[in-house]
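The stops below go from one selection to the next.

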Amino acid sequence: MDPERAAIVACARGMVAATVGTSPGGCVYLACAVALAARPYGRRLLPQAGSCTWRRTLDGDPEMRAFGYEWTSIYSPALAAAGVLPEMHAWCVDPERRELVDVAAGEFPAMCRRTLGLSWTAPLPPDALWCSWDALPDGASYRATQQATEFAVDLMMEGGIAERLRAGRRAVRGDAAIP
């Protein structure tokens with residue numbers, strides 16, 4: 001990863017650590033943080049959300065070869081009101097450079113072990129994925145949906161995540177005025 005991208009990823013992770021720590025739905029926080037962290041570098045990253053899978057093994061039942069999060073449109077406002085997050089994944093895209101940025105990609109093997117008790121024997125995802133849309137690693141799949149993206153963006157804005165992360169960026173970078 002080039003130094004500018006690495007600095008953006010490090011800033012985003014620092015922002016999340018300074019404001020929310022680790023929690024369920026961490027990919028939403030990271031997607032929002034990386035979009036904010038990229039701004040001073042002149043990059044316009046847009047959060048997206050939906051379904052994402054990574055190949056976790058090359059062996060066995062094809063149904064069990066991948067691990068990920070599958071968005072379902074059945075998610076209801078009642079679940080949201082109860083604080084239950086839907087199954088989904090969030091990341092960012094740079095539409096100008098045609099790039100996908102997933103700062104949470106490296107967490108998939110640990111989440112697979114924690115949630116399903118399954119090992120990861122395929123090549124590991126990178127700690128942070130930043131690549132062109134045409135160069136996704138073999139076995140990785142990202143499918144954004146409008147409904148999931150709207151849910152994630154609403155959570156970022158209405159839940160105060162964006163404002164808390166801006167404060168975290170000031171703490172991480174020492175910036176007085178953050179766009």
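This predicted model holds 6 aromatic pairs. Start by selecting Phe 67 and Phe 108: the ring centres are 5.9 Å apart and the planes meet at 85°, so the pair is edge-to-face. The two residues come from distant parts of the chain, with Phe 67 in strand β2 (residues 66-69) and Phe 108 in helix α4 (residues 108-116), 41 residues apart. Phe 67 has a relative accessibility of 5% and counts as buried; Phe 108, at 2%, is buried as well.

Next, select Trp 71 and Phe 151. This aromatic pair is tilted, with 6.4 Å from centre to centre and 45° between the planes. Trp 71 sits in the loop between β2 and α3 (77-81) and Phe 151 in helix α5 (residues 146-158), so the pair ties together parts 80 residues apart in sequence. Both Trp 71 and Phe 151 are buried.

Now show helix α2, residues 26-38. Its 13 residues reach 18 Å from the first C-alpha to the last, close to the 18 Å expected at 1.5 Å a residue. Is α2 enclosed or open? Of its 13 residues, 13 are buried, so the helix is largely enclosed by the rest of the structure.

Last, select Arg 43, in the loop between α2 and β1 (46-55). Arg 43 has 8% relative accessibility and counts as buried. Its side chain makes a polar contact of 2.8 Å with the side chain of Glu 4. Beyond its neighbours within four places in sequence, Arg 43 is in contact with residues including Arg 5, Asp 94, Glu 99 and Trp 130.

Terms used:
Residues numbered from 1 in each chain as written. Predicted model: local features only at pLDDT ≥ 70, side-chain atom pairs only at ≥ 80, totals over all residues. Heavy atoms only, no water. Helix = DSSP H or I, 4+ residues; strand = E, 2+ residues; numbered from the N terminus. Expected span 1.5 Å × (residues − 1). Buried < 20%, exposed > 50% of the residue type's maximum accessible area, 1.4 Å probe, protein only. Polar contact = N/O pair within 3.5 Å; in protein donor to acceptor, adjacent residues only side chain to side chain. Contact = heavy atoms within 4.5 Å. Phe/Tyr/Trp six-rings, centres within 6.5 Å; stacked < 30°, edge-to-face > 60°.
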